[in-house]
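Good morning, colleagues. Please look at the sequence and the structure on the screen while I go through the main features.

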Amino acid sequence: MPLERTFRCRSSVRGPAVASMSRYQEFVRLHEAMSERPQVRVTRLWACGFGAALTVAALMLGGVGLLRGLFGIEAPAFIPDDIPTMTAAFTTALCGAAAVLQATALLHVLLVVAETPVKTFAWVGAAAVSLATLLPLSLRIPPDVALATAGLDLAGGTAAIVLLGAVANACLQWPEPPPQRRRRYRNR
């Protein structure tokens with residue numbers, strides 16, 4: 001057995017080289033900084049929510065005024081025919097603005113707790129707009145009133161979801177990554 005050691009490689013005897021953990025401290029610090037949740041700029045979010053509510057209210061006001069006044073279609077279907085045009089328009093505009101403010105509150109909650117808040121908001125909003133659009137089509141009302149009401153709901157809901165989804169990323173403030181140190185390269 002005396003020749004057994006002569007055939008061994010000396011590098012296998014020492015074991016593999018282990019890098020010190022100090023090499024990875026900067027990477028760990030950068031990863032921790034990038035994995036933090038962003039802060040929500042609440043004033044900007046709600047200011048944009050009120051702006052979107054005013055936009056949808058103006059869209060509903062104009063849409064109902066145009067449908068009832070110019071075309072003579074008694075839309076929306078949920079307001080009785082004997083109500084004057086401007087009262088129906090203001091009522092629909094107020095309901096549209098309230099729905100947008102509720103959507104802003106939902107977006108606020110999703111920005112705080114959800115992993116992908118804009119995508120989640122878009123899916124929930126698409127489902128709500130789809131239901132609001134399909135509901136008048138399932139009622140026993142004249143087809144022109146049903147189509148006009150569904151079109152109003154689709155236009156107002158799509159405008160609200162698009163406007164709020166567009167401003168959602170502008171309302172987030174991401175943490176700054178730590179400054180990177182210059183690496184010193186050794187001449188080997």
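E74 is partly exposed, because its relative accessible area is 27%, and the terms here are buried for under 20% relative accessible area, exposed for over 50%, and partly exposed in between, with a 1.4 Å probe and protein chains only. The side chain of E74 meets that of R68 in a salt bridge, at 3.4 Å from N to O. A salt bridge here is a side-chain nitrogen of Lys or Arg within 4 Å of a carboxyl oxygen of Asp or Glu. R68 counts as buried, because its relative accessibility is 6%. In general, side chains of opposite charge can pair when their charged atoms come close. A search of the whole structure finds one salt bridge.

The model is predicted: local features need pLDDT of at least 70, side-chain atom pairs count only at pLDDT 80 or more, and totals for chains, interfaces and linings use all residues. Residues are numbered from 1 along each chain as its sequence is written, and side-chain values use heavy atoms, with hydrogens and water left out.

Next, the overall arrangement. The chain has six helices and two strands, in the order α-α-β-α-α-α-α-β from the N terminus. These are DSSP runs numbered from the N terminus, with helices being H or I of at least four residues and strands being E of at least two. Of the 188 residues of the chain, 29% count as buried.

R68 also belongs to the list of buried residues in α3, which includes L45, G49, A52 and L67. α3 has 30 residues and reaches 42 Å from its first C-alpha to its last, close to the 44 Å expected at 1.5 Å a residue; the expected span is 1.5 Å times one less than the number of residues. The cover over the buried residues of α3 includes β1 (39-40), α4 and α6. Just after α3, G72 takes a positive phi of about 75°.

Turning to α4, this helix has 29 residues and reaches 42 Å, close to the 42 Å expected. Its buried residues include A88, G96, V100, L107 and L111. They pack against β1, α3, α5, α6 and β2 (172-173).

What does the largest nonpolar core contain? It has 33 residues, and those with the most contacts inside it are V100, L107, L111, F121 and L164. α3 (42-71), α4 (85-113), α5 and α6 (143-168) are the elements that give two or more residues to this core, and α4 gives the most, with nine residues. By definition, such a core is a set of buried Ala, Val, Leu, Ile, Met, Phe, Trp, Tyr and Cys residues joined through side-chain atoms within 4.5 Å. Leaving aside its neighbours within four places in sequence, L107 is in contact with L45, F121, L164 and A168, where contact means heavy atoms within 4.5 Å. Among contacts in the chain between residues at least 6 apart in sequence, 74% join residues at least 24 apart.

The C-alpha atoms of L131 and A150, 19 residues apart along the chain, are separated by 9.8 Å.
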